[in-house]
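Work through the exercises below with the model open. Each task is followed by a stepwise solution.

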Amino acid sequence: MGTCEISGRSLLVMDALSKKLGECGVGAKKEETKKKIGLIALAPKLESNKNGTTTTVDSNLRKLNISPNQPIYKYDVKIACFYTNAQGNEVEIEFSKSPKKDSQHDRDKMKCQKFYEMAVKKTPALQTAGGKFFYDRQASLYSTTKLAAKDNIKLEFSKEASKAPNFVRAVFELKAVAESYQATSNGIRSTVHPAPALADKTLVEAISIFLSGPAYSNKNVITIGNCVHYLLDTSGINVKMISYDQGFRYSALGASKGVKSLQGTNKDPSLYMVTEMKSTLFHPDDMPIVDLMQSYPGFTPNFNVHSPAGAHIAKAIIGLEVYCDYGKNQNNMEDALIVKIIAFDSSSRDVVFDCDGVDVSVQQYFKKKYNITLKYPDLPTAVAKGKKGGKIHLPVELLKSCPSQKVTNNQMIGNEQADMIKLSAAPPHQRKPTTDAVAKAVGIAADKVYGFIEVEASQKVQGIILPKPKIAFAGNKLVAFGQNAKCPTDFSKAVAKPTISYIVKNDLEAVFKKAKQAGRQLIFFVIRTRYNIHQAIKSFEQKYDILTQEIHFETGEKFFRQAQTRQNIVNKTNMKLGGLNYLIGSNYLNNPRVLIVGFETSQTGGDIVTVGYAANMMDHYQKFAGGYIYTARSRDIYGPIIKDTLVGIFNNFKKFKNRGAPEELIIYFNGVTEGQYGMINEEYTQQVKNACSTMNEAFRPKITIIATSKTHNERLYKSEQGRISNLEPGTVVDHTIVSPVYSEFYLASSVARQGTTKAAKFTLIYASAPGKTMERIETLTNDLCYDHQIVFHPVGLPVPLFIAGRYSQRGAMVLGHNGPSLINKEVDLALTNQRLGYSDKNLFGSRYNA
């Protein structure tokens, strides 16, 4: 590594091995063994709901018929390379169990595939004509042929296998795993179990790899991860692709693939493949970063990243993963150092650091160390993370873009994001045939795969359309949703005459101080569009504990001539001030002693995640309010905050004597994966019970916990006389294409403004009193989608989740404006929550984020 420093932090140059060792955890202590999760069964599977108008639903799911008695074998693969480190010692790095992410992980898989192909050439057993072998480019090989024990393989490859200067040799090992990991096509039943950890996913994993085989071998396809396949040439697909001169970016069309064990139409579970269209914007592969920069307007050899043009260029490139194309690994992406650009700084000429006790610039260092004379010494340096969290500064002209990188939302400029939304927002009658065509083109939708996997046409099922609830306004005036419902508001009585103030000399805070001193309930801002102070307004709202509402001046001009504009403004103001705009006429959303809670997250970048929550904890059971909490990013972001959050909700609930003590607690968690079901069932449920036990001995409500997701790849369409269209609001499917062992349903609650409706998936995780059918859960969930209170149409998630999502976004906004609280340069979450949260504010328990 050397002893050179930039700003007191190490400059990583060419000894990539030490970094790789650190990333692989060499020398780290093993974590303590954790308790096995998923051994307890989820809530029992309930009967389907039959209470509704029937409708035919088509899908992007295809049933897989596997030839009976087809054996499938699984083998362990180990691929490791040996290098010499700086001390001359030989060190092993295993690539087949790579812990890395993104481009580094993709590169490790490329290395594994390379060594596997080299092993095949040397191994007759892997060339058997009667069998098929499928390698996942990591640690597993699946086969339709059983290798004998004597066929266990161990091969060594020497210097010809790598160009890395410190490479010694590579080892390829293949051996059969335990008998329990072998399966046959008859074992679909074993792939599911009411206790998640007891399901054997071997067959599902194997079939998934088999189905990707044709895509892997298709020269017109690039694969991202293991299951998203993009076409390089889309000339056979009737979708116009997009390319941009700035950044040389291009859109690609592909299809994702997943294999699941679902209920099916028979008594036993069936395997299904789900294929979903993907349209993504990509960065160019192996492009010199200087060339990328030069493609943007305003580029000069000495541009400043703080200038408008420089900020534009920096936004487009920050976050890109690049490899260092210099030194002994020049033109050798396979072994070059990969870093992510996290910022840009001063030029190579200006960045100076301590190198062996002497101050040198980055420009001087590269001349002395590598004899490289920089052509662009006045360009900003790229900043990346070094080892131990330090930062390194690298000349941009020595960096190239890693292959197959998606353009993130943060990197999109100009009209790129709008263009991609239009490209992906295909209406149903276009989306479904396009998905089918792309899946077939990449090779994952053939009628017969390798002679033993038959792929059926898309699965059609009978769904039901739940009855739409009516809404009741003041004076018990009833309006049915879907009839252009308008609230019969008397605007002359709706709002008192306001006191008017002005923002003088951009002193926004002075307005809050004045309103606070005067005891105002709400500050209503009318701001011209060109002034972007929304984030500051909401930050001061939290600081001064006073409600705010904001509209653009251009919208305000419509107030006196557009009834709908007046309606929306008054509805929102009424909710913020604790009012209720209408009541939902519901058989299940009518009990003041049922407490309903939703948890949602704002998955923005960084180490802090904002968890939003909402509950009907106000004076009326159809009013929802909540807040947000900052927590550390981890696999389990909800667990650490459930108990304390619920206790706060319970305490607020108790303030209203008209509500009584809750008899039932219904909780929705959004954004969780199937792999977390066991954790929710066992750990989250216990946290909920612990929260209840803190209240009093008599507080033992019935508990229902539901997992929600809109990140799945299943798409459902209304199918009527061969015509494909969007599902009607309230459409539910709870059989055939759901889990065979869990109670699940898909609900399309809203109308798509553009594109194709995406139904949310709901899974019943825990229920202390589950009932017999899905009717109550489905109807209650659907009715909750109508309780937004501001707009008179259903939203895409039940309101406790929808509102929790808004609180989560608000929390992320406040954090972004103020930054976290630090102690000894480390984030203090408790202090951050205290300083930037609402839990100890008067506004807690109000719909301040309406």
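The model is predicted: local features need pLDDT of at least 70, side-chain atom pairs count only at pLDDT 80 or more, and totals for chains, interfaces and linings use all residues. Residues are numbered from 1 along each chain as its sequence is written, and side-chain values use heavy atoms, with hydrogens and water left out.

**Exercise 1.** Determine the strand order of the seven-stranded sheet and the helix that packs on it.

Solution. 
- Step 1. Strands are DSSP runs of E of at least two residues, helices are runs of H or I of at least four, and both are numbered from the N terminus. Two strands pair if DSSP finds at least two bridges between them.
- Step 2. The order is β12-β13-β14-β15-β4-β25-β24, in an open sheet with antiparallel pairing. β12 (221-224) and β24 (448-449) are the edge strands, each pairing on one side only.
- Step 3. Strand β4 (residues 61-66) is joined to β15 (residues 270-282) by four bridges; L61 has V274 as its bridge partner in β15.
- Step 4. Helix α3 (residues 202-216) packs on this sheet, and the strands it touches include β4, β12 and β14 (250-262). Contact means heavy atoms within 4.5 Å. The direction of α3 makes about 150° with that of β14; axes are lines fitted to C-alpha atoms, for helices over the stretch in contact, and angles run from 0 to 180 degrees between N-to-C directions.

**Exercise 2.** Which strands stand at the edges of the three-stranded sheet?

Solution. 
- Step 1. The order is β17-β16-β23, open and antiparallel.
- Step 2. β17 (338-340) and β23 (399-401) each have a single partner strand, so one side of each lacks a neighbour in the sheet.
- Step 3. From one strand to the next, the twist averages 40°.
- Step 4. Three bridges join β16 (residues 321-324) to β23, and V322 pairs with S401 as its bridge partner.

**Exercise 3.** How do the axes of α11 and α17 cross?

Solution. 
- Step 1. The axes of α11 (residues 534-544) and α17 (residues 799-818) come within 9 Å and cross at roughly 95°.
- Step 2. That makes α11 roughly perpendicular to α17, the term for angles of 65 to 115 degrees.
- Step 3. Residues of α11 in the contact include H534 and E541, and those of α17 include R810 and N818.

**Exercise 4.** Describe the region that UniProt labels "domain: Piwi".

Solution. 
- Step 1. The unreviewed UniProt entry places this feature at residues 662-804.
- Step 2. Over residues 662-804 the chain is 23% helix and 28% strand, with the end C-alpha atoms 20 Å apart.

Definitions and conventions. Angles under 35 degrees count as roughly parallel, over 145 as roughly antiparallel, 65 to 115 as roughly perpendicular and the rest as oblique. UniProt positions are given in the numbering used here, feature names are shortened, and annotations may be inferred rather than shown by experiment.
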